[in-house]
Amino acid sequence: MDDRSPISVKTDFDAIVVGAGFAGMFMLHRLRQQGLKTRVFERGSGVGGTWFWNRYPGARCDTESMEYSYQFDDALQQEWNWPERYSAQPEILKYANHVADRYDLRADLQFNTKVLSATFDESRNCWTIETDDGKQVTAHYFIMATGTLSIANKPQFPGVESFKGRVLYTSDWPHEGVDFTGRKVGLIGTGSSGIQSTPHIAAQADHLTVFQRTPNFSVPARNRPLSEADRNATKARYGELRKFTYEQPFATDFHLNDQSALSVSPEERKRIYEERWNEHGGLHFMAAFNDLMFNSEANKTVAEFIVDKIHGIVNDPDKAEILAPRNGVVGCKRLCSDTDYFETFNRDNVSLVDVSKQPIESFTASSIKVGGNEYPVDDIVFATGFDAMTGALLGVDIKGRNGQPLREKWSAGPRTYLGLQTVGFPNLFFISGPGSPSVLTNMMVSIDQHVNFISDTIRHLEQAGVALIEPQQPAEDAWVDHVNEVADLTVYPTCNSWYLGSNVPGKTRVFMPYVGFNTYVDKCKDVVAKGYEGFTLVRRAAETA
Ligand code: N01
């Protein structure tokens, strides 16, 4: 009998967590450490979240592995040996499985189970969660650890149902792998997933045709194997590194050059960009100067540099011109990090179709039609992205006080306080939710911070005899305004991107992540120091009365 709530409701679990990716696994670990009876529901058949589903050839993290890893247990980070600077998907999935085994998480993970709905029961002050196996469970705390890029964006093209070849999604890649030998492949989408998979598919297929709607900026990752000495050097200063990344706006060590791009001569600027391109590579490139994401004029200098690089790499000037984002803003859409992407367009078996002016018209049984031309394909790979940040949250039919659906509350865009909670949905927590830094950071650090915040909060509630926590309306409204104000100081809102939801037809255009992990961490600390300022905490005794 669980008699902790004001009306002595007995719940099946203290907490239900949705998702067994890195967020859900760590949340489970923390709550179990606090003695809470917790169950995690996961729709997949294994742990790993993003890294469970995105098994396309070339899938690799764009954050350095020594940083893209848990920091809650020094023994874990000392014993694990990452093989490469940026590890590939199989290695990251291996790590997720290692963590699940090492901390005996599987005992409380329920796989192959999709959560359909969650309803707050005001008469009993608990959540009722319904799963696709026809069962219902109740819990005091309901935590969505469903990831930010977990629901695919699947554009509808006329005739797609008549296509007779294989239809593949990078975000749901067959576990047994795909052999493209001797096949003509059409790839739609040139974001990170398309850019990473292009060189691998091209190396195997008879022919690859890439259908590009918007040219994208990409920087060579400069991936390399990590030596024992490399790993040991980081391990020796792990504490210091983890502390440092917590103090950074993007929660990672980008080796920021703290100078404006406009404060140096054109020659010096080019020298610095060349050094970053050749030696650092990847997302570090954008730390070449401190104002590239804040000043459009500064950003133009880096855009011109990358456009020139593309022209230098791609032999065919017409192809290079299609691939080069001439008027683009670097980093406005997330910068891509590649290995031999632009070089791949020099291969004889790779062609490029510009669908920016003439969109894909239709599919036939064996081809893709654009502008009256027919491109024969045996397989189609959709690398068309995700319904980011809100897709998975709204994929569950969540109903709060007065039966209000979250889908209704967020119909004009997500509204949260600190990306953690939303008014009207007590004891519902989001990990890396909209309004938190999440996708603009090293996700592992954001997950660490959110899980610790939520588990510390739950400990506080339990110890203080509090039954419910929920944000106050003015705090939520002020936070949503603040998220927008900060975004408006940057170049992020100046293009169409999944940060704004503008990649999904019909989705409300709202900038969803919060820019500035370090300021966010300070804000969270301040909120706690002020007795959970902006939240309403309902004590058990008061409720019983
Ligand atoms: O998706 P995207 P993604 N007709 O949305 C195109 C993370 N990630 O899966 O730009 C034709 O970036 C669309 O065109 P446009 C990372 O955060 C990380 O590649 O909308 N094309 C675009 O080119 C990343 O940012 C890693 O005009 C259509 C593409 O599809 C995020 O996931 C690896 C279309 C979608 O690009 C998403 O990346 C992979 C249509 N109707 C992913 N609809 C690493 O760690 C869409 N497109 C490295």
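Let's start with a charge over a ring: Arg43 lies over the face of Trp53, at 4.5 Å from the ring centre. The rule here is NZ of Lys or CZ of Arg within 6 Å of the ring centre and within 35 degrees of the ring normal. Lys37 does likewise with Phe13, at 5.1 Å from the ring centre.

Ground rules, quickly. This is a predicted model, where local features need pLDDT of at least 70, side-chain atom pairs count only at pLDDT 80 or more, and totals for chains, interfaces and linings use all residues. Residues are numbered from 1 along each chain as its sequence is written, and side-chain values use heavy atoms, with hydrogens and water left out.

Next, ring pairs. Rings of Phe, Tyr and Trp (its six-membered ring) pair if their centres lie within 6.5 Å; planes under 30 degrees apart are stacked, over 60 edge-to-face, the rest tilted. The count is 43 aromatic pairs. Take Trp80 and Trp82: centres 5.7 Å apart, planes at 70°, so edge-to-face. Both Trp80 and Trp82 are buried, meaning under 20% relative accessible area with a 1.4 Å probe, protein chains only.

Now Trp82 and Tyr95. Their centres are 4.8 Å apart and their planes at 50°, so this pair is tilted. Trp82 sits in the loop between α3 (74–79) and α4 (89–102), and Tyr95 in helix α4, so the pair ties together parts 13 residues apart in sequence. Helices here are DSSP runs (H or I, at least four residues), numbered from the N terminus. Tyr95 is buried, as is Trp82.

Trp80, Trp82 and Tyr95 belong to one aromatic cluster, whose members also include Phe22, Trp51 and Tyr103.

Methods
Buried means under 20% relative accessible area, exposed over 50%, partly exposed in between (1.4 Å probe, protein chains only). Helices (H or I, at least four residues) and strands (E, at least two) are DSSP runs, numbered from the N terminus.
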